[in-house]
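Reader: I would like to go through how some packing and pairing terms are applied here. Please set each value against its definition.

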Amino acid sequence: MRFRRKGVSAPSAVCAVLAMVAVPVVLGSNAEAAPGCKVDYTITNQWDTGFGATVTVTNLGDPITGGWTLSWDFPGNQQVQQGWNGNFAQQGARVTVRDAGWNGSLGTGATVSPGFNGSYSGTNGKPAVFTLNGTTCTGSTVPTTTTTPTTTTTTTTPGPGGPKADNPYAGAGVYVNPDWSAKAAAEPGGTRIANQPTGVWLDRIAAIEGTATSRGLRGHLDGALQQAAGKPLVVQLVIYNLPGRDCAALASNGELKADELPRYQAEYIDPIATILADPKYAALRVVTVIEIDSLPNLVTNVTPRPTATPQCDVMKANGNYVAGVGYALAKFGAIPNVYNYIDAGHHGWLGWDDNLGPSAALFAQAAKSSGSTLANVHGFIANTANYGALKEPYFTVNDSVGGTSVRTSKWVDWNRYVDELSYAQAFRQEAIRAGFPADVGMLIDTSRNGWGGAARPTGPGPSTTVDAYVNGSKTDRRIHLGNWCNQAGAGLGERPKTAPEPGIDAYVWIKPPGESDGASKEIPNTEGKGFDRMCDPTYTGNPRNQNNMSGALPDAPLSGHWFSAQFQELMRNAYPAL
Ligand code: BGC
């Protein structure tokens, strides 16, 4: 599987961004009026390359006196050229409009109508989500009249019938998949990690019932009840079977065709939801990792980006990723002991300004589709099955060499982040700006991002050029940040750990170490898996890794199949060491 494909770097997008003015939303008092707003986005005229639009905003909440900030993301390549009744700024797809000074106060029920002329090509779609001072404009007010504490306190025990835990991992064990554990233990040296919890991948309809070689969902949940022995236990499930799966790669294409949303719903999500809702399992805390490598592809790998693939264009146009994710969130979110975490890519994919905001906005759109609401999202996960270093100890994105920023180096290439921890924490803030609840938490998959061993640098690189400095400093030894398949030189990362850093619910091992990302050559199979040359060590790359060598290990089996040589290398290069 997987990933990463950043969009093309965007030095030209490095322009001033207006600060967002957030009006604090005070929860917990009956006296407060709720914030709320309504937006009417009208295209007033349109020609083949341009258009004019008026954005009428109505404040439905308390009077706003300190100025307002309105923002949205364009669904296409629209560019604001000239605006009025507000100060317009655009970065990537994100537009931010601040009041013009004279219209900075908005009484309850008052309306303001900024307008602009813009350019576009292709389809001039309307933005789906607008926020006013950080509040998503739904056309009604956000109820704040109930006395909801902003953070979950531990006065009630989460569990059957109780509220969801703020962090499901807090005070809980995590399920060890016996099937993975047995394979790990059978490897020389494998018992050192065979008792670690790893993700259970429901990667096809048949995985729900189980196959001859792997137990089904009930089998896992029954096993979890045994491991729990009456104490809180988290079970980590990967929901991974969207129609037209893995549209930017071939190694993990799935069984459902691009238009098979009805089958996804009826034959995949519904049966899983039925099992999870069985009262027998109510005491388990079920973490669902929702559809990795799906929504971000609709931001970074679609026309007009040079990284576009025809399959991702299809999935964007038919809406089945968005509808499928919304459906899964709605079904699972309704079950009291299930915690949904949406896959949020990783820094080497979404860490560019052009990709981050639009991805968060698209996640919000998906979370509000198919009958779902934002409240169905408990958090997000970064780095699933990828190799991005958790922390880069020897350089930061703010460093420069001789006055030149490391952001100009080949490796960083204008990215805003150099590691997964800083990325995950920033993504969390971006998600909140996009309307998600302020208490969303992040997970980081640290199963294979360790980068230890003899090749690991022990200090910063030489301060001769930015490239020499970054290449000498970075612990992530990949040839290119966009490489994703069975990376040579990688090691096991941080062991699973609860609440390791602010905003992070847990480090988790979602990709089971030892399971391949994809075959190094064509292998006929009945799993729908294609051959992606990013898994072939002789491949010289594509636009998504800027035509670099793939960096993949040789002789890999199909994705998901056991790859002993990789397992051994991951243990050898573990960081922290085993
Ligand atoms: C594969 C899945 C597998 C998962 C975990 C993915 O790349 O497509 O079949 O379950 O990796 O190893």
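Author: Leu 356, Gly 357, Ala 360 and Phe 363 in helix 9 meet Tyr 423, Phe 427, Glu 430 and Ala 431 in helix 10. By class, this contact of helix 9 with helix 10 has six nonpolar, one polar and one charged residues. The model is predicted, so local features need pLDDT of at least 70 and side-chain atom pairs pLDDT 80 or more, while totals for chains, interfaces and linings use all residues. Residues are numbered from 1 along each chain as its sequence is written, and side-chain values use heavy atoms, leaving out hydrogens and water.

Reader: Why are helix 9 and helix 10 called oblique?

Author: The axes of helix 9 (residues 353-367) and helix 10 (residues 420-433) cross at roughly 55 degrees and come within 9 Å. Angles under 35 degrees count as roughly parallel, over 145 as roughly antiparallel, 65 to 115 as roughly perpendicular and the rest as oblique. Helix 9 and helix 10 are therefore oblique to each other. Their crossing is right-handed, a term for the near helix being turned clockwise from the far one by less than a right angle.

Reader: What makes strand 5 and strand 10 edge strands?

Author: Strand 5 (87-91) and strand 10 (135-136) each pair on one side only. They belong to an open sheet of five strands in the order 5-6-3-9-10, with antiparallel pairing. Two strands pair if DSSP finds at least two bridges between them; strand 5 and strand 6 (residues 94-98) have five. Helix 9 packs on this sheet, touching strand 3 (69-73), strand 5 and strand 6.

Reader: How do you know that strand 2 pairs with strand 7?

Author: Two bridges join strand 2 to strand 7 (residues 111-112), and the definition asks for at least two. Val 57 stands opposite Val 112 in strand 7. Strand 2 is also joined to strand 1 (residues 37-46) by nine bridges, and those two strands form a hairpin with three residues between them.

Note on methods
Axes are lines fitted to C-alpha atoms, for helices over the stretch in contact, and angles run from 0 to 180 degrees between N-to-C directions. Helices (H or I, at least four residues) and strands (E, at least two) are DSSP runs, numbered from the N terminus. Contact means heavy atoms within 4.5 Å. Ala, Val, Leu, Ile, Met, Phe, Trp, Tyr, Cys and Pro count as nonpolar, Asp, Glu, Lys and Arg as charged, and the others, Gly among them, as polar.
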